[in-house]
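Please take a look at the structure shown here.

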Amino acid sequence: MATREFLWSVFQRVDKDRSGYISADELQMALSNGTWTPFNPETVRLMIGMFDKHNSGVVSFEDFGALWKYVTDWQNCFRTFDRDNSGNIDKSELRSALTAFGYRLSENMIDLMMKKFDRYGKGTILFDDFIQCCVVLYTLTAAFRQHDTDQDGVITIHYEQFLGMVFSLKV
């Protein structure tokens, strides 16, 4: 784990307006997906939401350490599955990653996820979009499992229960 002094120096560099908090815009400017393009704002919003303990849209220094570790862990994970070191994840690498995470998804679902998270239509998923893909999949799966009490992969819910489930998620 990074030292508190190191984290403080990083936090101060990211906190451009010196507010003592990091906003989504400040975090987006600080993160790199390895392609010299801005980090996906939707991924940044998801991450801020995960570590924003007060629902204020910002992250304090106390929460920044966990956010920093989260991004670092995702970088290491991404590198593990980016087998050809291309800086992105192709369909085969995505399938390997999701299988390693315990998901058993059809080829059609893998294709749909590639289409959904391949922001530039190149048949690959960048680092920031990979994080978003995995976070969304995890969040949706957790919501599904709350209703799948017998763990058979099938749920029966009313339309408004479904809407309530989806609209209450931070995705």
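The report starts with the whole chain and then moves to its parts.

## The chain as a whole

The model is predicted. The chain has 8 helices and 4 strands. Along the sequence, these elements come in the order α-β-α-α-β-α-β-α-α-β-α-α. Taken along the principal axes, the C-alpha atoms fill a box of roughly 50 × 40 × 30 Å.

How much of the chain counts as buried? The share is 39% of the 171 residues. The accessible surface of the chain comes to about 10,600 Å². Carbon and sulfur atoms hold 56% of that surface.

Take the contacts between residues at least 6 apart in sequence. Of these, 53% join residues at least 24 apart.

## The nonpolar core

In soluble globular proteins, nonpolar side chains tend to be buried together. Here, the largest nonpolar core has 41 residues. Which residues have the most contacts inside this core? They are M47, W74, L94 and F130.

Several helices build the core. At least two residues each come from α1, α3 (41-51), α4, α5 (91-100), α6 (107-117) and α7 (127-147). Helix α4 gives the most to this core, with 9 residues.

M47 shows how such a residue is surrounded. Setting aside residues up to four places away in sequence, M47 touches L27, L31, F39, L67, Y70, V71 and I131.

## Two helix contacts of α4

Start with α1 (residues 4-14) and α4 (residues 61-81). Their axes lie 10 Å apart, and the packing angle is about 100°. This makes α1 roughly perpendicular to α4, because angles from 65 to 115 degrees count as roughly perpendicular. On the α1 side, the contact is made by R4, F6, L7, W8, V10 and F11. On the α4 side, it is made by F61, E62, F64, G65 and W68. The residues of this contact of α1 with α4 divide into 8 nonpolar, 1 polar and 2 charged.

Now turn to α4 and α7. The axes of α4 and α7 come within 10 Å and cross at roughly 100°. These two helices are therefore roughly perpendicular to each other. Helix α4 takes part through Y70, V71, W74, Q75, C77 and F78. Helix α7 takes part through F127, F130, I131, C134 and V135. The residues of the contact of α4 with α7 divide into 10 nonpolar, 1 polar and no charged.

## Single residues

The next residues differ in place and in cover. The table lists their relative accessibility.

| Residue | Relative accessibility | Class |
|---|---|---|
| T149 | 71% | exposed |
| N85 | 66% | exposed |
| N55 | 60% | exposed |
| Y21 | 41% | partly exposed |
| F6 | 38% | partly exposed |

Where is N55 placed? N55 is in the loop between α3 and β2 (58-60). The phi of N55 is near 50°, a positive value in a residue other than glycine. N85 is in the loop between α4 and β3 (88-90). Its phi is near 55°, a positive value in a residue other than glycine.

T149 is in the loop between α7 and α8 (159-167). T149 counts as exposed because its relative accessibility is 71%, and exposed means over 50%. T149 and Y138 are 11 residues apart in sequence. In space, their C-alpha atoms are 17 Å apart.

F6 is found in helix α1. F6 is one of the residues that make the contact of α1 with α4. F6 and F130 are 124 residues apart in sequence and 27 Å apart in space, C-alpha to C-alpha.

Y21 is in strand β1 (residues 21-23). Which residues is Y21 in contact with, leaving aside its neighbours within four places in sequence? They are F11, D15, E26, V58, V59 and S60. Y21 and M47 are 26 residues apart along the chain, and their C-alpha atoms are separated by 14 Å.

Key
Residues are numbered from 1 along each chain as its sequence is written. This is a predicted model: local features need pLDDT of at least 70, side-chain atom pairs count only at pLDDT 80 or more; totals for chains, interfaces and linings use all residues. Side-chain values use heavy atoms; hydrogens and water are left out. Axes are lines fitted to C-alpha atoms, for helices over the stretch in contact, and angles run from 0 to 180 degrees between N-to-C directions. Angles under 35 degrees count as roughly parallel, over 145 as roughly antiparallel, 65 to 115 as roughly perpendicular and the rest as oblique. Contact means heavy atoms within 4.5 Å. Ala, Val, Leu, Ile, Met, Phe, Trp, Tyr, Cys and Pro count as nonpolar, Asp, Glu, Lys and Arg as charged, and the others, Gly among them, as polar. A nonpolar core is a set of buried Ala, Val, Leu, Ile, Met, Phe, Trp, Tyr and Cys residues joined through side-chain atoms within 4.5 Å. Buried means under 20% relative accessible area, exposed over 50%, partly exposed in between (1.4 Å probe, protein chains only). Accessible areas come from the Shrake-Rupley method with a 1.4 Å probe; for residues, only the protein chains shown count as cover.
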